[in-house]
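Welcome, and thanks for taking a look at this one. Please have the sequence and the 3D view open side by side as you read the notes below.

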Amino acid sequence: QTCALPISPAILYTDASDVPGRDPRYGLGGVLITQSPSFSLEYFSCHAPPELVSQWLPKENHMTPLETLAAPVALHTWSAKLANTQLIHFIDNNSAASNLVKGYSNKSDTTPLIGDYWLTAAEHGIDIYIDRVESKSNLADGPGRFLLTTLDAWPHKRVQPCFPNPSVHQLFI
């Protein structure tokens, strides 16, 4: 079966983890697959800055804001590669996926992340479709947990994640 779109869309998976007692506790991961001009699989695996997490609402775990944070970090990381393309973005967290689709959240720690995601998409002409994927089918699950063996089946390239510029995005100061 072939894709009916005029170009092959890029496919993005993002994920996060919050494991108390692990150092670093908060993990972010992203995997980008592009098919044009040739197949490419790139990923990032990093920790969420503790100074950012400390600004979030106090709660037992920070899965929704972490999962949401992975999304704009991925767009910033690959913004040049994704400029003026179609993107299918898979997320395994219901709340983060739903909030990104709606474009807002009722939680003050998550709303700025969603705004940054869509602002970055608009600035770079990225046409995004978001859908939920099961965790076991999320290629970013391993990188989000600092486990990279799941990517060994394909040729891949590790990239340095790019967090939003603090002078432009006040949330990341």
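Let's begin with phenylalanine 146: its relative accessible area is 28%, so this residue counts as partly exposed, since that value falls between the 20% and 50% cut-offs. Do keep in mind that the model is predicted.

**Backbone points in the loops**
- Phenylalanine 146 sits in the loop between helix H6 (141-144) and E6, and its phi is positive, about 65°, although it is not a glycine.
- Asparagine 84 also has a positive phi, near 60°; its place is the loop between helix H3 (79-82) and E4.
- With a relative accessible area of 64%, asparagine 84 is exposed.
- Proline 37 belongs to the loop between E2 and E3; a cis peptide bond with omega of about 5° joins it to serine 36.

**The sheet**
- Six strands make up an open, mixed sheet, ordered E5-E4-E1-E2-E3-E6.
- At its edges are strand E5 (127-132) and strand E6 (157-158), each pairing on one side only.
- Strands E2 (residues 26-34) and E3 (residues 40-47) run antiparallel and are joined by eight bridges; glycine 29 has serine 45 in E3 as its bridge partner.

**Helices across the sheet**
- Helix H2 (residues 63-77) lies across E1, E2, E3, E4 and E5, at about 140° to E1.
- H4 lies across E4 and E5, at about 150° to E5.

**Asparagine 99**
- Asparagine 99 is found in helix H4 (residues 94-102) and is buried, because its relative accessibility is 7%.
- Among the residues asparagine 99 touches are Thr64, Tyr104 and Ile114.

Notes. Residues are numbered from 1 along each chain as its sequence is written. This is a predicted model: local features need pLDDT of at least 70, side-chain atom pairs count only at pLDDT 80 or more; totals for chains, interfaces and linings use all residues. Side-chain values use heavy atoms; hydrogens and water are left out. Helices (H or I, at least four residues) and strands (E, at least two) are DSSP runs, numbered from the N terminus. Buried means under 20% relative accessible area, exposed over 50%, partly exposed in between (1.4 Å probe, protein chains only). Contact means heavy atoms within 4.5 Å. Two strands pair if DSSP finds at least two bridges between them. Axes are lines fitted to C-alpha atoms, for helices over the stretch in contact, and angles run from 0 to 180 degrees between N-to-C directions. Lists of a residue's contacts leave out its neighbours within four places in sequence.
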